[in-house]
Each structure stands twice: as C-alpha cells, then as structure tokens.
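Here are my notes on this model, point by point. Please read them with the structure open.

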Amino acid sequence: ALEAEVRELDPTWKPANLRPKVDDKITDILTTNSQPMAQDEIVAAVGGLFSPWKVKNVLKKKSTGPKAVFTLADGKYTVKVA
C-alpha cells in the first residue's frame, strides 16, 4: 500500500534493491582497509557472500574502461579517485 502511494506521488520511484552488489562490497572493503589489496586478499575479505569467480570478474571489469571504479597497480587494487 505504501509503495503504491509513493508511486502515485513520484512515478519514477523504484524500491531499493535489497541484494548487495559486488562492486559496492569491494569498495567498502578497500575503503575500510585504506591501502591497496591483492585480488586474493579481497576474495578472502568478501568471504562467502559472493563466489571467488564473481569477485575476480567484477574486479577485472571495473578496473578498466571509462566506467572504472577500481585502479590496478603492482597487482593490487584501490578505489579510483574521481
């Protein structure tokens, strides 16, 4: 009922996704650690929340191109500064 009311007021509103995103979790880990981390360290820090394949794939995709979120230097990842 509340969702219907909100949609009436703002048709562009969408409920927030309750599933965590891999890149958000990795960003949180890197920010908390405040120093570059190797891929294996990030996989260990994420734990069982996501599969190691998924974490590695996101790191690979999000560290290149114009929409890069992470920076890879000397085999270690950091959060890209905007």
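1. In this predicted model, α2 lies across β1, β2 and β3. Relative to β3, α2 runs at about 95 degrees.

2. The sheet under discussion is open and has three strands. Their order is β1-β3-β2, and the pairing is antiparallel. β1 (37–38) and β2 form the edges, each pairing on one side only.

3. Look next at how β1 meets β3. The two strands run antiparallel and are joined by two bridges. Ala38 stands opposite Lys76 of β3.

4. Which residues of α4 are buried? They are Val55, Val58 and Leu59. They sit on the same side of α4, because their arc around the axis is only 100 degrees. An α-helix has 3.6 residues a turn, so residues three or four places apart point the same way.

5. What covers these buried residues of α4? The cover includes two helices, α2 (22–33) and α3 (39–46). It also includes the strands β2 and β3 (76–79). Turned away from the buried side is a face with the exposed residues Trp53, Lys60 and Lys61.

6. Is Ser63 buried or exposed? Ser63 counts as buried because its relative accessibility is 17%, and the cut-off is under 20%.

7. The side chain of Ser63 reaches back to the backbone oxygen of Lys60, at 3.3 Å. Leaving aside residues up to four places away in sequence, Ser63 touches Ala68, Phe70 and Tyr77.

How values were computed. Residues are numbered from 1 along each chain as its sequence is written. This is a predicted model: local features need pLDDT of at least 70, side-chain atom pairs count only at pLDDT 80 or more; totals for chains, interfaces and linings use all residues. Side-chain values use heavy atoms; hydrogens and water are left out. Buried means under 20% relative accessible area, exposed over 50%, partly exposed in between (1.4 Å probe, protein chains only). A polar contact is a pair of N or O atoms within 3.5 Å; within protein, one must be able to donate a hydrogen and the other to accept it, and residues adjacent in sequence count only if both atoms are side-chain atoms. Contact means heavy atoms within 4.5 Å. Helices (H or I, at least four residues) and strands (E, at least two) are DSSP runs, numbered from the N terminus. The arc is that of the directions from the helix axis to the C-beta atoms. Two strands pair if DSSP finds at least two bridges between them. Axes are lines fitted to C-alpha atoms, for helices over the stretch in contact, and angles run from 0 to 180 degrees between N-to-C directions.
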